[in-house]
Amino acid sequence: MSKPDFSSLSALYINCTLKKSPRESHTQGLMQLSMDIMEKENVKVEYMRFVDHDVPYGVYPDMTEHGYDSDEFPGIFDKVMKADILVIGTPIWLGEKSSVATKLIERLYGMSGKQNDKGQYIYYGKVGGCVITGNEDGIKHCAMSILYALQHLGYSIPPQADCGWIGEAGPGPSYMDKEAKAYENAFTNRNTTFMTYNLLHLAKMLKESDGYPVYGNSRKDWDDGTRWNFENPEYR
C-alpha cells in the first residue's frame, strides 16, 4: 500500500484549557502527540490557547458590534477557515468540557450561518476531532458533546475522532506528571494515532473532491426555490 501524501493539508489545534500561557497544560501535552504525527506527515499545523485571546461570550460574528470593546474572534475565525482540520482540546471539569470550550463552540456557531462559494454552510468540507484530558471519568461524555456540536455546525467527523487520558478517580497525577506514566498508556497512544490519521484521511478525501457536492444541500439553491426530491405532503 502506497503512503498517502498529506502535505496539502493544514490543521488548527485549539486548546481550551483554563490556564493562560505559559502555565503547563496537560491537555496540550496530549494534543502534542497528535500534532507531532501531523508535522511528520508534512501537514501545516497551528496551535493556540483560546484563553490567551480576548474573546467575549456571544453568538454573533463580531461582538464589538454588540457592546464589547474588543473581540479577537474574527481573526481566530480566519485561521479556522484556512485550516482543513480543527481539533478542539479540553480538560474535564465536573464531568464536562471546560467553559472555554463551550465559549469556542458558541463563537463557531455564531459564524455557522455563513455560506461558502457553493451556497453551502461555511464549515462544509472541513473535518473535526477532539482531545480530552482529566482525572476521573468523562472522556466520552465530553467527546460526544464536542463532536455533536461540530457536525451540527457542518464539520465532518471521521471514525474514532476523539482521544483522551484520565487518571484514577479522585485527586492524583495528571497527564504530564511523571508519576502518571501517561506516555506509556497503550490505549491512549493507539487512539491518538488512529484519530490523527482518520482526520487526515477524511480531510484529504474531501479536499481532493472539492468538498461535498451541492446537490441536495445548498442553502442558496434552497432559497432560490430548488427542492430536489423534497415534496411537501400538504401538496401531494
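## The largest pocket

Helix H1 (26-40), S3 and S5 each supply at least two residues of the lining of the largest pocket. Helices (H or I, at least four residues) and strands (E, at least two) are DSSP runs, numbered from the N terminus. This is a predicted model: local features need pLDDT of at least 70, side-chain atom pairs count only at pLDDT 80 or more, and totals for chains, interfaces and linings use all residues. Residues are numbered from 1 along each chain as its sequence is written, and side-chain values use heavy atoms, with hydrogens and water left out.

The pocket has a volume of about 360 Å³. Its lining counts 20 residues, and Pro91, Ile92, Trp93, Gly134 and Asn135 lie nearest its centre. A pocket here is an open set of points on a 1 Å grid over the protein atoms alone, where a 1.4 Å probe fits and protein lies on both sides within 12 Å along at least five of seven lines; lining residues have an atom within 4 Å of a point. Grid points are joined across faces, edges and corners, and the volume is the space filled by probe spheres set on the points. By class, seven lining residues are nonpolar, nine polar and four charged. Ala, Val, Leu, Ile, Met, Phe, Trp, Tyr, Cys and Pro count as nonpolar, Asp, Glu, Lys and Arg as charged, and the others, Gly among them, as polar.

Strand S3 covers residues 85-93, and eight of its nine residues are buried. Buried means under 20% relative accessible area, exposed over 50%, and partly exposed in between (1.4 Å probe, protein chains only). Two strands pair if DSSP finds at least two bridges between them. S3 runs parallel to strand S1 (residues 10-15), joined by five bridges. Here isoleucine 14 stands opposite isoleucine 88. S3 also pairs with strand S5 (residues 127-135), in the parallel sense, over seven bridges. Valine 87 has glycine 129 of S5 as its bridge partner.

Strand S4 (residues 96-97) is antiparallel to S3, with two bridges. Tryptophan 93 meets glutamate 96 of S4 as its bridge partner. S3 and S4 form a hairpin with two residues between them, and leucine 94 in the turn has a positive phi of about 55°.

## Strand S1

Six of the six residues of S1 are buried, so the strand is largely enclosed by the rest of the structure. Ser10, Leu12 and Ile14 point one way, while Ala11, Tyr13 and Asn15 point the other way. S1 also runs parallel to strand S2 (residues 44-49), through six bridges. In that pairing, tyrosine 13 stands opposite tyrosine 47.

## The nonpolar core

The largest nonpolar core has 34 residues. Those with the most contacts inside it are Ile14, Phe50, Phe73, Ile88, Leu108 and Tyr123. S1, helix H2 (73-82), S3, helix H3 (99-111), S5 and H4 each supply at least two residues of this core. H4 gives the most, with eight residues. Such a core is a set of buried Ala, Val, Leu, Ile, Met, Phe, Trp, Tyr and Cys residues joined through side-chain atoms within 4.5 Å.

Phenylalanine 73 lies in helix H2. At 0% relative accessibility, phenylalanine 73 counts as buried. Phenylalanine 73 and aspartate 54 are 19 residues apart in sequence and 7.8 Å apart in space, C-alpha to C-alpha.

## Cysteines

A disulfide is a pair of cysteine sulfur atoms within 2.5 Å. By this rule the count is zero. Cysteine 130 is in no disulfide, and the nearest cysteine sulfur, that of cysteine 163, is 7.5 Å away. Cysteine 130 is buried, at 0% relative accessibility.

For cysteine 142, the closest cysteine sulfur is that of cysteine 130, at 8.5 Å, too far for a bond. Cysteine 142 is buried as well, at 1% relative accessibility.

Most residues other than glycine have a negative phi, and most peptide bonds are trans. A cis peptide bond joins serine 21 and proline 22, with omega about 10°. Proline 22 lies in the loop between S1 and H1.

Glutamine 160 is not a glycine, yet has a positive phi of about 45°. Glutamine 160 sits in the loop between helix H4 (139-153) and strand S6 (162-167). Aspartate 210 has a positive phi near 60°. Its loop lies between helix H5 (186-208) and helix H6 (219-223). Aspartate 210 is exposed, with a relative accessible area of 56%.
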